[in-house]
Amino acid sequence: MASYDVIVKLVDQTKGSMKNIESGLKGIQSAASRAQAVLAAMVSGQVVKQLYETGTAIEAIERRLKFITPAGTDVKSLFKDLSGLASTLGADVYDISNAFVTLRNNGLAPTTDRLTAIANIAKVSGASINDVADALGNVGDAEKLKALERATGDLIKIDEVLNAYGASTGKFAIKYAGQTVQIVSSSKEAVDAITKIGNTQLGGAAQQSAKTLSGSFGELKNKIIEATNALLEGGLRDALIDLADKATKAIDANKDFIKSFGADLGREIGRAHV
């Protein structure tokens, strides 16, 4: 009920803000007064501001998804799938989406199984999902070998295996909570071993967190983002673009007034402090 009330309020306030902007453009004959009305409506339109911020954040993620997925991929549908996964895992939809992009950029398949494992590791270690994804993508880089340890607070460690003479064997020990889980000889084996830890020793960690207070509020945030995205896709995005264009034209048409108004305001402020 709470999330429904929030969405209803969001829609009602958005309609009010849009009506104010529209009337500011059409209902005032004076060009100077029209510019003032537009500026006042935009400043007071906090709901419109929130819609803008959420909408542009979603658009930025969809652009990134478009460039790292095969041609023809329906990125809007993909984002909705990632939103669903985020809800299941009690994760932030932006964090999950960025982790998807990071894994792909590092040459790792961003499967649901791998994203779930990473979310489990992140939840227990206190790191962001994207940070763990980035560290996982760099386990094959000797210079960044410790990145995963730093990202997980040493929950998962990767130690080089030496022979009796202290020379490298070319193998590494994957450790969880101080205990060796597997000896690996390639970055692929390391990634697979760490993914396994995320889905076995830490299996269900993210889903359990979804039932906590922070998880519940995180889910509410995700649902509001979903609702906002649905509103925008339902035609609100085009309406806001149209309103922004009208406001821009109104301001451009009244630059002289705005400039003189600024000068008058400056003089009045100066007099008030004399």
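This is a predicted model: local features need pLDDT of at least 70, side-chain atom pairs count only at pLDDT 80 or more; totals for chains, interfaces and linings use all residues.
**Stop 1: helices H3 and H4**

Select Lys 76 and Glu 62. Their side chains meet in a salt bridge, with N to O at 3.2 Å. The pair joins distant parts of the chain: Lys 76 belongs to helix H4 (residues 75-89) and Glu 62 to helix H3 (residues 46-68), 14 residues apart. Next, colour the two residues by relative accessible area. Glu 62 is buried, at 8%, whereas Lys 76 is partly exposed, at 33%. The value for Glu 62 falls under the 20% limit, so this residue counts as buried.

**Stop 2: helix H11**

Move to helix H11 (residues 213-253) and select Lys 246 and Asp 242. A salt bridge links these two residues, and their closest N and O atoms are 3.2 Å apart. Because Lys 246 and Asp 242 are four residues apart in H11, about one helical turn separates them. Lys 246 is partly exposed, with a relative accessible area of 28%, and Asp 242 is also partly exposed, at 36%.

**Stop 3: helix H9**

Display helix H9 (residues 187-199) and select Asp 192 and Lys 188. Their side chains form a salt bridge of 2.9 Å, N to O. Here too the spacing is four residues within the helix, which means a separation of about one helical turn. Lys 188 is exposed, with a relative accessible area of 58%, while Asp 192 is partly exposed, at 33%.

Arg 114, Lys 188 and Asp 192 are linked in a network of salt bridges. By the rule applied here, the model holds six salt bridges.

**Stop 4: the packing of H6 and H9**

The crossing of H6 past H9 is left-handed.

Which residues make the contact? From H6, select Asp 113, Arg 114, Thr 116, Ala 117, Asn 120 and Ile 121. From H9, select Val 191, Asp 192, Ile 194, Thr 195, Gly 198 and Asn 199. Coloured by residue class, the contact of H6 with H9 shows four nonpolar, five polar and three charged residues. Arg 114 and Asp 192, both part of this contact, also belong to the salt-bridge network of the previous stop.

Terms used:
Residues are numbered from 1 along each chain as its sequence is written. Side-chain values use heavy atoms; hydrogens and water are left out. A salt bridge is a side-chain nitrogen of Lys or Arg within 4 Å of a carboxyl oxygen of Asp or Glu. Helices (H or I, at least four residues) and strands (E, at least two) are DSSP runs, numbered from the N terminus. Buried means under 20% relative accessible area, exposed over 50%, partly exposed in between (1.4 Å probe, protein chains only). A crossing is left-handed if the near helix is turned anticlockwise from the far one by less than a right angle, and right-handed if clockwise. Contact means heavy atoms within 4.5 Å. Ala, Val, Leu, Ile, Met, Phe, Trp, Tyr, Cys and Pro count as nonpolar, Asp, Glu, Lys and Arg as charged, and the others, Gly among them, as polar.
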